Amino acid sequence: MENVRIYEIPSCKMVSSQVGMFGDGKLEKFDEWFSTLPRPMFPKDFLWYDEKKGGFVWYYIYSEDMTIPDEFEIIDFPGGLYAVATDIDGQDNSKVLNAIKEFIKEKECFEEDSTRAYLGNIITPPSANTAMGYNQMDYYIPIKIV
């Protein structure tokens, strides 16, 4: 049974928190903002770490009916293919990332796309988080067809 899924995120516009760190208020404000939006069946937010700027960036898929706070910006997201697997949020993620990379290598039709960042999002609804005591996170590694 395969535990890695292939997703394609279309190119689109995303609302961006811009670079911040948890505890500095920027990411918390972003979380507060998008948490007021209706909860979709699949999460529309993606968190990633900007190595160059040394902080996290949070994205949320944009739609024209949104009211965007001034401190956030709308960016063009290039989209693309991702190899995705799930693990427990807040724990060492090296095992799941290695499993995704092994999957990519085994398939021989994909390779990691180093021009795009790894993404992650929490997929657990609040009620399940309360019941389990933790969140599940999807980890996305960008790939391309070779």
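## Basis

Local features of this predicted model need pLDDT of at least 70 and side-chain atom pairs count only at pLDDT 80 or more, while totals for chains, interfaces and linings use all residues. Residues are numbered from 1 along each chain as its sequence is written, and side-chain values use heavy atoms, with hydrogens and water left out.

## Fold and dimensions

The protein has three helices and nine strands (DSSP runs numbered from the N terminus: H or I of at least four residues for helices, E of at least two for strands). Along the sequence their order is β-β-α-β-β-β-β-α-β-β-α-β. The radius of gyration, taken over C-alpha atoms, is 16 Å, close to the 15 Å from the globule rule (2.2 Å times the number of residues to the power 0.38) for 146 residues, so the protein is as compact as a globular protein of that length.

The C-alpha trace spans about 45 × 35 × 30 Å along its principal axes. Of contacts (heavy atoms within 4.5 Å) between residues at least 6 apart in sequence, 73% join residues at least 24 apart.

## Helix H1

Helix H1 covers residues 26-35, and Leu27, Phe30, Trp33 and Phe34 are buried in it (under 20% relative accessible area, 1.4 Å probe, protein chains only). The buried residues of H1 fall within an arc of 120° seen down its axis, so they line one face of the helix; the arc is that of the directions from the helix axis to the C-beta atoms. Their cover includes strands S2 (12-16), S3 (45-50) and S4 (55-61).

## Burial and surface

Of the 146 residues, 36% count as buried. The protein exposes about 9,000 Å² (Shrake-Rupley method, 1.4 Å probe), and carbon and sulfur atoms supply 52% of this area.

Methods:
Buried < 20%, exposed > 50% of the residue type's maximum accessible area, 1.4 Å probe, protein only.
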